[in-house]
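Trainee: I have a structure open and would like to learn how to read it. Can we go through some features together?

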Amino acid sequence: MPTCDLQTLSLDQLKTGQKGRVIKIESTSKEIKRRLLDMGITPGVVVEIKHIAPLGDPYDIKVRDYDLCVRKADLSFIEVHPL
Amino acid sequence: MRIALIGNQNSGKTTLFNALTGANQKIGNWPGVTIEQKVGYISNGTHEIIDLPGIYSLSPYTLEEALSRAFLIQEKPDLIINIIDATSIERSLYLTTQLMELNIDMVIALNMADMFDKKGISIDIKALSKQLQTTIVKISALKRSGLKELVDIIESQTYIKHQTQSIFRPNVEKIIGHLVSQIHQDHARFIAIKLLEKDPIIESVGLDIDKWIKPLEQSYQQDIETIIASGRYDYIEKVKSQTFVRLHHGDHTTELLDKIFLNKWLALPIFALIMFLIYYISVGVIGSLTVDFIDGNVSALSSWMFDWLRNIGASEWSASLVADGMIAGVGAVLNFVPQLILLFILISLLESTGYMTRIAFFLDRLFKKFGLSGKSLIPFILGSGCSIPGIMATRTIEGQDERRISIMVTPFIPCSAKLPIIALFAGFFFPNYAGFVSFSLYVLSILIILLSAIIMKTFFFKGTPSAFISELPNYKLPNLRYTVRDVYDKIAEFIEKAGTIILMSSIIIWLLTSFSITLTYGVDVDESILAYIGRVFSYLFYPMLGDLSWATSVSAIQGLVAKEQVVSSMAVIGGLSADITEGNVILNAPIYAFFTPASAYAFMTFNLFSAPCFGAIGAMRKELGSAKKMWQAILFQTGLAYVLSIVIYQTLTFIGGLL
C-alpha cells in the first residue's frame, strides 16, 4: 500500500494546477541550485504549477505564497512527491 | 548616520526612498527597476539614506546582488532599513535572516500595510518583533503611511540594537559558534556561515572547513547549501506560524487577468495586438500629424522670425542663423514631443501594470532559441524610449552570453530619438501608409535582433549556462502621479537635449553650411565647408541612396551625437539650400529631390541599425566591461546596417523597376 506514497516525479512532470512536495534538488549548475534554494524551493516545501507559458516553457510555479518563473530544464532537476 | 535600504526586488524600496527623501527615482512593477545605488537625505540632511538594488539573498547571484552585498560589507552603514512585503513574507524574511547575521543595527519596515485587510492578512507585530529581536514598523510606501513613525524611531535611535540570534539547529549552531570564535573580524557570524556554504567570494583563512561540513552533510543526507537554506526557511516557518495569519491566498484580480493574458491560445495574439497598437498609435497616427506640423508651423515661425529680424535691422546672416539654423534645427526635433508623450505614457503603463514581466515570461522560450533570455524583452521595451536605460536593464539577465548579446542588440530598437527620423521619412514618402511603414521598421528591428542574436550566439559566444528565474508580480493599477512624473521627466530630458546638444549642433551645421572654405558668407550650399566634408562620405552612402548626396551623408554621421540630430541637420541644410521664400521644408528642398521611396526606406534602415549615439555607446562600454567589446559591437552594428540598407535599396529599386 505505501508504494503509492513513494512515487516521485520531477517537477516539470506535474500538470497545471497540480501540487507537489519537494524532496530534493538534484545537481543542476551550482548557481542555479543556489538561486532556487534562495527563492524558497527547499526540501519539504509544497509547490504548485500555476501556468505553463504558451510556448511550453518556462513554468509559473506557486511557492511560499508567490509566483516564480523557472525554465522546464531547471525544474526537471527538482524531485517532488505529487500531492 | 548612513542608512541602507535593503529588500527584495519589487518590494517597494524605491517608492519608500522617494517618499522619505522627496526624490523622484524611477519605480516600476517589475523586478530589477533599481540597478544602481541612489543617495538621499532625511531629517534635514543629518541622515544619509542609500537605495540599493533589490536582492533576494546575500549570496551574490546577479550583478546587483553583488553590488548590494559589497556595499553592506565594505561601506558598513550604521543602520539597515529592511523593507518587507507582507504578501510574500517567507521569501522576504529569508533575506532578513541573513541581514541579522551582519553586525549592523536593523529596523524592519513592513510594507503594504494598507493591503492587509484586503488580502486577509493579520500579523502580530509585537510577537514578530520579539521573535526577530528587531524593531518593526508598519508602513505603506505608496500611501505614505507609517513613515513618520519610521523616521521618529530612526532619529531617536529607539530601535532594538543588533544582537546575535541562533536560528539553526543545535548541531549547526555549534559549528557556527566554533568558527566564529576563530574569525577575528567584523561580521564574524556572517563570514562563518558563508565559509560553511563555500561562498566563492569569502576566502577561508587557513581554516579546515571541510572537516566540519562532511559530518553535517552525512547526518542530514543533504549538501551544505541545502542544509543552511532549509534551516533558514524552517526558522521562518516557525516564526510565521506564531505571528502570521493569512485567510485567502493569491490575488483574485491577478488570477483572473492571467487566465486571459497567459492563456495558451490568447497570450501571443493579445501581446502582438498590444505592441501593434502602441507603436501604430504613437508613431503612425500621431506621427503623420506631426510631419504636417513641420511643414506648417516651424517653417512659418522660421520665415516670420527671419522677416521680423530683418525688419528690425538685423543683418542677413544673423537673421539666417536664428531662422535657418536655430529654429529650423531645434524645431524639427521639438515637433515630435506630442508623439513622444504618448509613447512614454504607453511604455510607462507596460512597466507599472506588471504586464511586462508576463511578456518576458512567455517569450522566454522563443528568445532562448536565439541566444537571448525572456528578460531581454525588458531592455527592448525600455529601449524604445531610450537605449541607455535599456542597456543598463540587461543586468537582471542571469546568463552572461544572453546578457552580452542583449546589450549589443538593444540599440536596434528604434528609440525615441530615432522616431523623428522614421516619422519624418515615413510621413513624407509614404503619406498614405505612414503607420504601416513605421510599424514595418519595428518588425524589421525585431527580425534583425533575432538574426543578430543567433549569429552572435553561433560564432562569438561559448555558451555559458543560462537560466530564467524571475518573480511574477501581481498586477497593479498604475499610479497616476508616478506615470505623470515618469513621462514628464523623460520629455523634459528630450527637450533639454534639443535646447543644448541639438541647438549647438544646429549652429555648427549652419556655420559650416553658410560659409565656404575661404570663409565667405552667403555662398551656395554646394560650395560650403560642409559640402566639401560631406562629399568625402557621400561615396560611402551612394550604394544605399543612389545619389552622391553630401547633405544626407553628413546628416547620417551626426546621428552619433544624437539620433535626432539627423533630422535637425537635414532641416538646416534643406532650409538653407532652398530659396528662402519657400521657408523650411526639409524633404521638399531640392537638395533632397533625389530620394525615392526605396532610398528613403534604406536610409531609415541605416540610421536605425548603425552605431547608436555616444550616450548609448558609453552605456555599452560600461555594461560590456571593455572598450574592445564595445568596438566589436559598434562594428557589428554599423556593418550590419550598411549591408542591410544597401540590400534594401537595391532590392526595392529592382522591384520598382519591374512594376
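Trainee: Among contacts in chain A between residues at least 6 apart in sequence, what percentage join residues at least 24 apart?

Mentor: First, keep in mind that this is a predicted model. Now take contacts between residues at least 6 apart in chain A: 61% of them join residues at least 24 apart.

Trainee: Which pattern of helices and strands does chain A follow?

Mentor: Count the elements, then read them in order. Chain A has two helices and six strands. Along the sequence they run β-β-α-β-β-β-α-β.

Trainee: How does the radius of gyration of chain A agree with that of a compact globule?

Mentor: For 83 residues, a compact globule would have a radius of gyration near 12 Å. Chain A has 12 Å, so the two agree. Along the principal axes, its C-alpha atoms fill a box of roughly 35 × 30 × 20 Å.

Trainee: Let's move to chain B. Is B:Glu398 buried or exposed?

Mentor: Check the relative accessible area against the cut-off. Buried means under 20%. B:Glu398 has 18%, so this residue is buried. B:Glu398 sits in the loop between α17 (387-392) and α18 (400-409) of chain B.

Trainee: What does B:Glu398 contact?

Mentor: Leave aside neighbours within four places in sequence. B:Glu398 is then in contact with B:Tyr61, B:Thr62, B:Lys375, B:Ala467, B:Phe468 and B:Ile469. With B:Lys375 there is also a side-chain polar contact of 2.8 Å.

Trainee: Where is B:Tyr521?

Mentor: B:Tyr521 is in the loop between α21 (480-514) and α22 (529-545) of chain B. Its relative accessibility is 31%, so B:Tyr521 counts as partly exposed. Residues it touches include B:Trp317 and B:Trp510. B:Thr87 is 434 residues from B:Tyr521 in sequence, and their C-alpha atoms are 70 Å apart.

Technical notes. Residues are numbered from 1 along each chain as its sequence is written. Chains are lettered from A and ligands numbered from 1 in the order in which they are written. This is a predicted model: local features need pLDDT of at least 70, side-chain atom pairs count only at pLDDT 80 or more; totals for chains, interfaces and linings use all residues. Side-chain values use heavy atoms; hydrogens and water are left out. Helices (H or I, at least four residues) and strands (E, at least two) are DSSP runs, numbered from the N terminus. Buried means under 20% relative accessible area, exposed over 50%, partly exposed in between (1.4 Å probe, protein chains only). A polar contact is a pair of N or O atoms within 3.5 Å; within protein, one must be able to donate a hydrogen and the other to accept it, and residues adjacent in sequence count only if both atoms are side-chain atoms. Contact means heavy atoms within 4.5 Å. The radius of gyration is taken over C-alpha atoms; the globule rule is 2.2 Å times the number of residues to the power 0.38.
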